Structure formats: structure tokens, C-alpha cells
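Open the model in your viewer and keep the selection panel at hand. The stops below go from pockets to charged pairs.

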Amino acid sequence: MKTATPSMARAINDRLALDLLLEHGPLTAPQLRELTGLSRPTVSDLIERLKGGGLIEEAGECGEDRRGPNARLYALVAGRAHVAGVDLRRTAIHVTVADLTGRVVGSAVREIAGDLVGLIEAAVAEAAAGRPLDNVVIGAPGLVKPKDGELTVANDVPGWRPGLVSAVRERLGVPVVLENEVNLAAVAELRTGAAQGSDDFVLLWLDDGLGAAVVLGGRLRRGASGGAGEIGFLEVEGTALCLLLQAETRREEWVRRVAKGAFAFVTLLDPGLVVLGGAVGHEGGDELAEQVAARLRDLSPAPTEVRATRVEGNAVLQGAVLTALDAARDHVW
């Protein structure tokens, strides 16, 4: 068994301290010692090292007398890096830019009309407002190929073309990652929404389109070709589920069809939790969740909880920002 080298140990301690500052906000040296279990000299060294690297800074003092080195508060340098999340749909581009702590510092919306690459570039530039970006994550409909990060086939976003992600990457001059939009919504549910604390769940996306995302063992599962969760193609009673849910019908029948779609995941994966997301899932709330759960109980012996989304606002955009922040923190820290 290998033992950690001094440089590896320092890197581990530094990351631990940075993660604690991200979670708790500004901390004093004694608080860092208490939370990390590290010795006084080790914490003193890492504070100097992180200050010298421009990763943390003094942020005032705390305590009754507010004097002395033990009263100094240390905080992350939030502006050390910025990221952009992009939600790309049929009618508009939504962009959010956040600093390293996740605080939103800019946003932009552009209607889709004209050159799509140029529109994305302009929207990101507007939201960034001159701030250099560490990376950009784009959420869009479709199957994203694991090998090259492009779509398997063009989606219904006007102006989409083969090689679009590469073209955006070249225009922006920073790393750009494309992810299926429902997958990003699942990231938001896992981190801040209805699936917090659940390692296994399926997000059933009920919006202007139908989709799903699978999280197992706390990790997003995309499938060998990026097609995991493409439930819209599933045939129910001889008709594609996406068409069945678009057809006008009685509420009870519509709920039964949603439950049929959820049942496909329950019977194969037994996730224990199904989250109803998208605009319809949000509007239906707990009432819709309970109706689908009751139908599922009739279909499957596997106990399955059904919850309505708890993410407020644009879940795809929030998932894109969270994914971009993970990459930025790994890069910077």
C-alpha cells in the first residue's frame, strides 16, 4: 500500500479546507483546525499557501475582542474563476454566469433567430460582461455522443448543425461541454431539489417534451451512446409514449400513462424514487406525485416514492452551472 507523499498530503489538505470554506463560508484558523482535525502548524501552512495562490483572502475578523490572528476570517476568492451555464431550447437561449462560490453574477436571454453559434457567443459574452470564463456547459435536447460530445442526430433547435459544439468552443476559446438537458435537470434535483440525499432516482421530465434521466449510486448514467432515459420512444399500447401524453384525454387516463412510463424504469432499475420534473411536474406538485404513486403501487411490488420537483426556476440552467462549477473547482483547486 502506497503512502501519501508530502505534496499529495498538502494537496489533499488544501482541497479539504477549500471545500469547507465553500460549504460554511468564511472561517477562522481555529475553526479550520476543528473541522479538519489538522494541527495548528499544518493549518497555518495551508492558509499561507492558499493565500499565496490567490485562492483565499482575509475577510474581516470575528470574536468578542476581534483581535489577533485567531480572530481573522478567511474566505474563498470568489472571482478567481467564473463559469457559464447555457439552456438551449427551440425558441431561446438562456445563460447564467456564476463565480467560484456559485453566486450568480450575470445572465442573458436571446431569442433564436439567425446563426446559432453567433447567438450563443453573443449571449455568453453579454452574461459574462467581460469576465474570463473557466468553462461553459450547454444543455440541449438530444443524445450526446460520449466520444466527441456532439449530438448523435440533430435536434429540433433551429440552426443546429453537426460540429456546432466544436464551433462554439472555437469562438469562445474555453472548454465547452454539451449535455442532455434532462440530465442537467437531474443534477439540479440531486444537489438542490427533491432527490437530495437519494443515491438512486429517476427524473421523469414532463414539459414541452418528454424525457427522463437516471441517477444510480449518486452518479448520472448516460448509457453507452448517451441514450439512457429517452423514454419518449417507449411504446405503450402500440403508441409512442411522447405522443400519448400529448394527446387530449381525461386526467385519470393521462396519469395512468405517466405511471406506465415510470413503471418501465421501476421494473428495470428499482430506483426507489421517481421525481416528476419540468413545467407539468412543477405545476402538478404533490397532488400529481401522489396520483402517479398510487398507479405505480398497482403496477409494481417494488416500493417507489414519487415526488414533485423541488427546484425553483430553470432546473436545466441550474444543473448546467453546477456541472460547470464542479469542473472549474477541480481545475482551479
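Start with helix α6, which gives the lining of the second largest pocket its largest share, 5 residues. Helices (H or I, at least four residues) and strands (E, at least two) are DSSP runs, numbered from the N terminus. The model is predicted: local features need pLDDT of at least 70 and side-chain atom pairs pLDDT 80 or more, while totals for chains, interfaces and linings use all residues. Residues are numbered from 1 along each chain as its sequence is written, and side-chain values use heavy atoms, with hydrogens and water left out.

**Second largest pocket**

The second largest pocket holds about 450 Å³ of space. Select V177, E179, L220, R222 and T323, which lie closest to its centre among 25 lining residues. A pocket here is an open set of points on a 1 Å grid over the protein atoms alone, where a 1.4 Å probe fits, with protein on both sides within 12 Å along at least five of seven lines; lining residues have an atom within 4 Å of a point. Grid points are joined across faces, edges and corners, and the volume is the space filled by probe spheres set on the points. Besides α6, the elements β8, β11 and α10 (315–332) each supply at least two lining residues. The lining divides into 12 nonpolar (Ala, Val, Leu, Ile, Met, Phe, Trp, Tyr, Cys, Pro), 9 charged (Asp, Glu, Lys, Arg) and 4 polar residues (the others, Gly among them).

**E179 and R222**

Keep E179 and R222 selected: they form a salt bridge, with the closest N and O atoms 2.8 Å apart. The term means a side-chain nitrogen of Lys or Arg within 4 Å of a carboxyl oxygen of Asp or Glu. E179 sits in strand β8 (residues 176–180) and R222 in the loop between β11 (219–221) and β12 (235–236), 43 residues apart. E179 is buried at 8% relative accessible area, whereas R222 is partly exposed at 39%. Buried means under 20%, exposed over 50% and partly exposed in between (1.4 Å probe, protein chains only).

**Helix α8**

Next, select R256 and E253 in helix α8 (residues 251–269), 3 residues apart. Their side chains meet in a salt bridge of 2.6 Å, N to O, and both are buried.

**Largest pocket**

Finally, select P141, E181, G209, L210 and E230, which lie nearest the centre of the largest pocket. Its space is about 730 Å³.
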